[in-house]
Each structure stands twice: as C-alpha cells, then as structure tokens.
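Dear colleague,

My notes on it come after.

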Amino acid sequence: YTNLVGNSQATENVLNLNLMTVPLSQFTIVPSVRVQKTDWDGNSSGIGTLGVSTEPFMADSEGDQIEVRERLDLRYTGVTNWVYYAGGEWTQGDGTLNENGGLSQVNGIGVPPVARVTDDSRFFQKYFLGTRWYPTRRVTLDLGGYYKNNQYDYDHTLDSTANNGGSPNRYPAYLVMQNFETYDANTRLTLRPLQNVTLVTRYEYQWSTI
C-alpha cells in the first residue's frame, strides 16, 4: 500500500447532574445523572499494489452515540471508625455506525469494499457494597465487591458482506448480541508509617462470563 492518507474527528458533549441529601446526620444519599452525546467521522485513502498492478481505494465511516447513566450512592458513618457504602449504577445507550469502502482488490485479490449500517443498543447495570475501617490513625482497611452485567444488541440494517465460510470479511457484522457478567471482590490495606509516606496493597478477585 502506498500514498496512505487518513483523518478523523470526534465531538463529545457531557452533562453531569448531582444532588446530595442528608436525611440523617450520619446518612448521605447522592443520586446523579450523566448524559453523553458523541459524534465522529473518519476517512482514508491510498493505493493498493500487487506487482506492477495498482488500484486506488477510499473508505469513510461516521457514527453517533448517546448514553444516559443514573447512579445512586449511599453512605453511613454512624459507627465509630467505620464507613459503610452501597449503591447502584444503570446505563442505557443507543448508537449508529455507517461504514463504506475499505481496501482495494488488485486483479481480484484482496478484501472487497463493504457497505454496512449498524444500530446498537446497550444496557449496563452495576451494584456495589463495601466498608472502610480505621483501626488506627495510620491504618485503613477497605473491603468491597460488586456485580456488573453489560448487555449489547446489534441490528445490521445494511451489510454487503456474505455470511458464509468463503467470505473474506464477516466480522463484526455477524454479532447480534453480547453479554458480559462480572463478580468482583476486593480488599485494600493502606499504611501511613510517616507523614509523607503512604503504602498501599490491594488484592482483587474477579470472575467474568462473556
């Protein structure tokens, strides 16, 4: 390949809203909402070569995505030297991706250009629980864990590639659903032997299914 040229650009707009309420002197509730809108596009061009034969190619893509995340944080400090926290997070999103072009076929050899439109939707949920203990002024122990489930759905409204064993390009348009489920447990020990020295050790165990 020669004369390779490409560029891309993206625009992001983010809105954060947070509200803190203290119904009891030792109990805090913080609901929040985050909205993110992303738009992007990219294009590329070049010349494919095979011996003395050449063939120019071009490709372009554009996409958009909107995501809304709701979160709830709970915090309780009613026990001396202990902090308890819990919460949940929920995210919904939708997007569209348009793809056209690709690499060149020189004398019939190479990956053919594609024309593809994919609509996707996402739903994420996460629940967490933990505690923090201050046994001494210079020691902190954290214990916590969470459960997370991310679900993706894809709808390919246009796809010029053949979905058979002889097709040179089927990925990722054959995906119609993905699901990621994760269980996590973690602990962290923080030591402050000197005023300007902090030592942190952490252990985390995670089990995921895709």
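This is a predicted model: local features need pLDDT of at least 70, side-chain atom pairs count only at pLDDT 80 or more; totals for chains, interfaces and linings use all residues.

Aromatic contacts

The structure contains 8 aromatic pairs. One of them is formed by Trp82 and Trp133, whose rings are stacked, with 5.3 Å from centre to centre and 15 degrees between the planes. This pair connects distant parts of the chain: Trp82 belongs to strand S5 (residues 82-101) and Trp133 to strand S6 (residues 114-136), 51 residues apart. Trp82 has a relative accessibility of 27% and therefore counts as partly exposed. Trp133 is also classed as partly exposed, because its relative accessibility is 32%.

Tyr147 and Tyr183 form an aromatic pair of the tilted kind, with 5.0 Å between the centres and an angle of 50 degrees between the planes. Since Tyr147 is in strand S7 (residues 139-159) and Tyr183 in strand S8 (residues 177-194), the pair ties together parts of the chain that are 36 residues apart in sequence. With a relative accessible area of 22%, Tyr147 is partly exposed. Tyr183 is likewise partly exposed, at 45% relative accessibility.

Beyond these pairs, Phe124, Tyr152, Tyr154 and Phe180 make up one aromatic cluster. A contact between a charge and a ring is present as well: the charged end of Lys126 sits over the ring of Tyr146, at 4.4 Å from the ring centre.

Tyr183, by contrast, is found in strand S8. Patch members need over 30% relative accessible area, and Tyr183 has 45% relative accessibility.

Is strand S1 (residues 2-18) largely buried or largely in the open? Of its 17 residues, the number buried is 0, so strand S1 lies largely in the open. Strand S1 pairs with strand S3 (residues 27-50) in the antiparallel sense, over 15 bridges. Within this pairing, Val5 has Ser45 of S3 as its bridge partner.

With kind regards

Terms used:
Residues are numbered from 1 along each chain as its sequence is written. Side-chain values use heavy atoms; hydrogens and water are left out. Rings of Phe, Tyr and Trp (its six-membered ring) pair if their centres lie within 6.5 Å; planes under 30 degrees apart count as stacked, over 60 as edge-to-face and the rest as tilted. Helices (H or I, at least four residues) and strands (E, at least two) are DSSP runs, numbered from the N terminus. Buried means under 20% relative accessible area, exposed over 50%, partly exposed in between (1.4 Å probe, protein chains only). A charge sits over a ring if NZ of Lys or CZ of Arg is within 6 Å of the ring centre and within 35 degrees of the ring normal. Two strands pair if DSSP finds at least two bridges between them.
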